[in-house]
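Please examine the sequence and the three-dimensional structure shown below. The paragraphs that follow lead through selected parts of them.

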Amino acid sequence: MRKSIFIIAALFAATFANAQITLKKTLDGWYSVSADPYGDMYNYVQAPYFYNQILGVESNTCVIYLYDVDDFSLYKTININSTINRESFICLVSKNILSVDNKVCFCISKNAQSEIYNEDGVLISTINGSSPSLVWVNDRYLLLSRGYENGQDKTYIYSVPGNGETQAISTPSSPKRNARKIAREGQVLVETENNTYTLQGQETK
């Protein structure tokens, strides 16, 4: 029982470890991958929802409203506490590109670093630079962001975990054994051929 719990935990940890936004390359200068030199800064990747933002610069708050693209009903209101400035804005509103858990993600663009959150308001990544954009290159998305370090323009190229498609979530299965739940002295236990365990995996006498 303990071994199967450990295996499941390890599989989940591996899943999260592999589903991250990763810096692949930093280039000196501002680079583009579009035939239009500014095209990748203003490229069109359809967001899953209409969205609007209210930035409270003085209070360091950000409120994002997501509305359904079909019936225009409010899907979600997201509140974020983050240090922002008057140049900050929301971008990269997407699903299954910046993460693979079927949650909407978005970026708060700042000056030196930008923050990526999911629809639950959880910070999932911090990236260098500002005004990030998603570009489609060789059948995959990349995230480009531009910044300025030590008197030099920089382009940061990140890989992202998703491709915009809904990911199938597989649940690891434990080996089949002859086990059954039993009740003993008001406590639910799991009984196998050889041992009896609590639901937390502790062996009982």
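In which strand is D68 found? D68 belongs to strand β3, which covers residues 61-68; helices (H or I, at least four residues) and strands (E, at least two) are DSSP runs, numbered from the N terminus. The model is a predicted one, in which local features need pLDDT of at least 70 and side-chain atom pairs count only at pLDDT 80 or more, while totals for chains, interfaces and linings use all residues. Residues are numbered from 1 along each chain as its sequence is written, and side-chain values use heavy atoms, with hydrogens and water left out.

Is D68 buried or exposed, or does it fall in between? D68 counts as partly exposed because its relative accessibility is 22%; buried means under 20% relative accessible area, exposed over 50%, and partly exposed in between, with a 1.4 Å probe and protein chains only. Leaving aside neighbours within four places in sequence, D68 is in contact with Y49, F50 and S73, where contact means heavy atoms within 4.5 Å. Along the chain, Y49 and D68 are 19 residues apart, yet 5.3 Å separates their C-alpha atoms.

The next topic is a sheet. Four strands form this open sheet in the order β5-β6-β7-β8, with antiparallel pairing; two strands pair if DSSP finds at least two bridges between them. At the edges are β5 (89-95) and β8 (123-128), each of which pairs on one side only. Strands β6 (residues 104-109) and β7 (residues 113-118) run antiparallel and are joined by 4 bridges. The bridge partner of C107 in β7 is I116.

Strand β9 contains S130. This residue counts as buried because its relative accessibility is 18%. Beyond its neighbours within four places in sequence, S130 is in contact with residues including S109, K110, N111 and S114.

Finally, consider a pocket. A pocket is defined on a 1 Å grid over the protein atoms alone, as an open set of points where a 1.4 Å probe fits, with protein on both sides within 12 Å along at least five of seven lines; lining residues have an atom within 4 Å of a point. Of the 17 residues that line the second largest pocket, M41, N43, Y51, C91 and L92 are the closest to its centre. The largest share of this lining, 5 residues, comes from β5, and both β5 and β9 (130-137) supply at least two residues each.
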